[in-house]
Amino acid sequence: MSIAVIAQRIYDEKEAIAQKTDEVLSESLGTKNTRNFLEAHMSLAEYLSRGLELEDEVEAKQLINEWAEKTSWNAINEKRPFNQSFKAFEIFKGQVLDVVELQTESEDWSNKELISTLRSIDTMLDHAAFYYVHSLIVNFEGRIDESEQMMKHDKKLIADLSVPIIPSIVPNTILVPIVGMLTNERFEITRDKLLHNITTQDAESIVCDFTGAILPDNGHFQMDDLAHQIEQLTRSVSLMGVEIIYVGFSSRLVQEIVRAGVKIEAETFSTFRTGLRYLANKKDWGLTDEIYSRSEAEEEEEKKLVSSVPHENL
């Protein structure tokens, strides 16, 4: 008898093999399997049947590889436990051998034919298990990479939201409300965004407001670094030919800047209103009290929006 007989029998019994595998596994683990799980073992039986008839071992393995790739994706999507898949392989193999046993009982097989057939089945199923695990690892790592990329994108989005660059009603002026926890990363983002927006918004002046800023514990952010970050921001903007003023420095922040020995080459003011008046008088804008009030109202509204951003994720 040829191995083609066994291959055909496995193909004919593929649904019964898959169903029995599903039943035994469900009973063993006390779980209910999905339709995809049943179809995966029907497909495996079909691929095994086709592979047994191929004389080219490489082509036969390629069939199993196709099955492993598809099935591993389904397993990951369904969050199927690894132990369930490995147990299923063991049960499936037992069901296939039962089919072979039934077939050989009704036909005259030589020991050589039987051993050759069992060896072929064993080789293909071992390869299926190996490549299935390999595909699981590769696809799982791909999911991790995808998740990391999404996290980086979300982190960048949060970072962008945490450093809003607001065009002001005041001519050629950008408002930068610093709200939430101060970090090195936020300062770097602020500096990069400011340098970019100076050109795109034709800015001549920048008002950087620290009223809503939160100073972290020393363990999270060295205060000397903070002082030097402000110094670098000031120098960078000045090299672009733009004046920057700071408003809303807290007493603790001022003390840390002085302690660090950093000299801020920029005007500082206690409130946004006084800083705006300074710019208006210097540039002879002739702004009215109504404009001052409107600017403060807009600033407060922006602070409310920015304060909703989870800065601790940065």
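Q: Which element supplies the largest share, six residues, of the lining of the largest pocket?
A: A pocket is an open set of points on a 1 Å grid over the protein atoms alone, with protein on both sides within 12 Å along at least five of seven lines, and its lining residues have an atom within 4 Å of a point. Helices (H or I, at least four residues) and strands (E, at least two) are DSSP runs numbered from the N terminus. The element that gives six residues, the largest share of this lining, is helix 6.

Q: What kind of model is this, and which pLDDT values apply to local features and side-chain atom pairs?
A: Residues are numbered from 1 along each chain as its sequence is written, and side-chain values use heavy atoms, with hydrogens and water left out. This is a predicted model, in which totals for chains, interfaces and linings use all residues, side-chain atom pairs count only at pLDDT 80 or more, and local features need pLDDT of at least 70.

Q: How much space lies in the largest pocket?
A: The largest pocket is lined by 16 residues, with G51, L52, L54, E57 and S120 nearest its centre. Helix 3, helix 4 and helix 6 each give two or more residues to this lining. A volume is the space filled by probe spheres set on grid points, which are joined across faces, edges and corners. For the largest pocket, that space is about 330 Å³.

Q: How many charged residues are in the lining of the largest pocket?
A: Asp, Glu, Lys and Arg count as charged, Ala, Val, Leu, Ile, Met, Phe, Trp, Tyr, Cys and Pro as nonpolar, and the others, Gly among them, as polar. The lining holds six nonpolar and five polar residues, and the charged residues number five.

Q: What is the volume of the largest cavity?
A: A cavity is a set of grid points where a 1.4 Å probe fits but cannot get out. The structure holds two cavities of 30 Å³ or more. Residues H41, L44, W67, T71, R80, S85, A88, F89 and Y132 line the largest cavity. Its volume is about 70 Å³.

Q: Which element gives the most residues to the lining of the largest cavity?
A: Helix 3, helix 4 and helix 5 each supply at least two residues of this lining. The most, three residues, come from helix 5.

Q: Which residues does L48 touch, not counting residues up to four places away in sequence?
A: Contact means heavy atoms within 4.5 Å. On that basis, and with those sequence neighbours set aside, L48 touches I10, I64, V96, I121, M124 and L125.

Q: What is the phi of D202?
A: D202 is found in the loop between helix 7 (184–200) and strand 4 (205–209), and D202 counts as exposed, at 52% relative accessibility. Most residues other than glycine have a negative phi. Although D202 is not a glycine, its phi is positive, at about 50°.

Q: What distance separates the C-alpha atoms of F272 and P177?
A: F272 lies in helix 10 (residues 272–283). With a relative accessible area of 6%, F272 is buried. F272 and P177 are 95 residues apart along the chain, and their C-alpha atoms are separated by 9.9 Å.

Q: How far apart in space are T271 and T211, C-alpha to C-alpha?
A: T271 is in the loop between strand 7 (267–269) and helix 10. At 35% relative accessibility, T271 counts as partly exposed. T271 and T211 are 60 residues apart in sequence, and their C-alpha to C-alpha distance is 7.9 Å.

Notes
Buried means under 20% relative accessible area, exposed over 50%, partly exposed in between (1.4 Å probe, protein chains only).
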